[in-house]
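Subject: Structure handover

Hello,

Here is the structure for you to look at. My notes on what was found in it follow below.

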Amino acid sequence: MSRRIVVAAVCAVLLVACGKGGPQAPSRTRVGVVAKSLGNGFFDAVHKGADEAGKELDAEVIFVGPTTPTAEGQIETLNSLIAQRVDAIAISANDPDALVPTLKKALGRGIKVVSYDSAVAAAGRNAHLAPSSDQLIGETVVAMTADLAPDQKGKFAVVSATPTSTNQNSWLAEMRKALASHPGLEMVGVAYGDDVSDKSYREAVALLQQHPDLDVLVSISSVGIVASARAVQDQGLAGKVKVTGLGLPSELAGYVQSGVVPRFAIWNPIDLGYSTMQVATRLARGADVTRPVPTGRMGEVSFGADGIGAMSKPFVYDASNVAEFARIF
């Protein structure tokens with residue numbers, strides 16, 4: 001072998017070891033955070049929290065979602081993220097089962113999958129981060145309803161999201177269990193507004209017309225509770241029918257001050273987005289849900305054998321605190 005060839009070979013080795021052809025610094029962890037739908041204030045707040053965690057972790061947030069809350073729209077979004085070869089996907093599911101085949105494809109390609117807020121079936125994820133426990137949510141909503149009913153007795157109806165929404169269906173089940181502790185309350189109807197403002201409004205008006213003796217109108221959807229409050233106001237029933245449930249301070253502050261929505265509850269969606277991004281990023285970097293997963297300023301989350309962990313209990317907002325939180329989310 002000539003000296004020239006030997007020198008060239010040595011230079012090539014050095015370039016691979018130290019130069020342009022050598023090992024590159026690891027790229028930033030990329031996480032696709034999928035909303036149920038875009039343009040929803042709850043998920044706008046989730047996005048804000050995810051961005052906060054992304055900056056802390058030096059990870060990239062790719063915030064996406066369909067224009068309407070459908071499984072078909074989310075499947076299209078998921079396929080796009082898989083094609084982009086993201087490191088992790090965090091999704092609030094519009095349907096617990098319909099997304100599983102697509103998410104299995106993601107898992108098969110080494111992408112970590114975390115559902116948050118609304119769970120994906122276990123076969124399609126590594127973990128699920130619930131904003132709170134279903135039991136605490138159900139108990140909190142029923143307790144608020146009882147407090148607003150005359151002498152904790154009366155009739156109430158519920159405006160939910162879609163019939164296939166995992167989280168709302170679980171909360172409804174827990175609400176029914178919690179009624180055992182409030183024998184004076186009667187749930188007279190459940191309607192589905194599909195997390196769409198106009199449809200939620202029409203369903204709320206229909207419930208008010210079907211049940212003229214209604215005492216409380218409950219919505220366990222952040223879109224539905226605003227629509228329900230507007231329906232009660234437009235029907236001239238403010239003061240007669242109280243509205244409560246789960247919603248955002250920024251969207252409900254005016255209704256709280258006017259007395260249409262005396263109180264409501266929600267976890268902080270900014271914290272939920274933050275915690276979700278923390279979990280998804282750390283799983284992508286090798287963390288294991290068999291041990292508590294650190295979540296930055298939120299502490300840590302412990303996951304059960306079913307892969308489900310809870311962030312925190314719901315917080316109740318009323319005239320004493322809603323203005324303060326309305327400036328945040």
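First, helix 5 and helix 6. Please bear in mind throughout that this is a predicted model. Helix 5 passes helix 6 in a right-handed crossing. Helix 5 covers residues 134-148 and helix 6 covers residues 166-178; their axes are 8 Å apart, at an angle of about 60 degrees. The two helices are therefore oblique to each other. On the helix 5 side, the contact is made by Asp-134, Gln-135, Ile-137, Gly-138, Glu-139, Val-141 and Val-142, which meet Ser-170, Trp-171, Glu-174, Met-175 and Ala-178 in helix 6. By type, the residues of this contact divide into 6 nonpolar, 3 polar and 3 charged.

Setting aside residues up to four places away in sequence, Val-261 touches Ile-225, Ala-229, Val-243, Thr-244, Leu-252, Tyr-255 and Val-256.

Helix 8 (residues 222-234) and helix 9 (residues 249-258) are at an angle of about 35 degrees, and their axes are 10 Å apart. Their crossing is left-handed.

Now two residues around helix 4. Leu-99 sits in the loop between strand 3 (88-91) and helix 4. Its relative accessibility is 0%, so Leu-99 counts as buried. Apart from neighbours within four places in sequence, Leu-99 is in contact with Ala-71, Gln-74, Ile-75, Leu-78, Ile-91, Ala-93, Asn-94 and Val-120. Gln-74 is 25 residues from Leu-99 along the chain, and their C-alpha atoms are separated by 7.7 Å.

Thr-102 is in helix 4 itself (residues 100-108). Thr-102 is also buried, because its relative accessible area is 10%. With residues up to four places away in sequence left out, Thr-102 touches Ile-75, Leu-78, Asn-79 and Ile-82. Ala-265 is 163 residues from Thr-102 in sequence, and the two are 33 Å apart in space, C-alpha to C-alpha.

Finally, the backbone. Most residues other than glycine have a negative phi. Which residues other than glycine have a positive value here? Asp-58 is one of them, with phi near 55 degrees, and Asp-117 is another, with phi near 70 degrees. Asp-58 lies in the loop between helix 2 (41-57) and strand 2 (59-64), and Asp-117 in the loop between strand 4 (112-116) and strand 5 (127-130). Asp-58 has 49% relative accessibility, so Asp-58 counts as partly exposed. Asp-117 is at 6% relative accessibility and therefore counts as buried.

Regards

Key
Residues numbered from 1 in each chain as written. Predicted model: local features only at pLDDT ≥ 70, side-chain atom pairs only at ≥ 80, totals over all residues. Heavy atoms only, no water. Axes fitted to C-alpha atoms, helices over the stretch in contact; angles between N-to-C directions. Helix = DSSP H or I, 4+ residues; strand = E, 2+ residues; numbered from the N terminus. Parallel < 35°, antiparallel > 145°, perpendicular 65-115°, else oblique. Left-handed = near helix turned anticlockwise from the far one by under 90°. Contact = heavy atoms within 4.5 Å. Nonpolar A, V, L, I, M, F, W, Y, C, P; charged D, E, K, R; others polar. Buried < 20%, exposed > 50% of the residue type's maximum accessible area, 1.4 Å probe, protein only.
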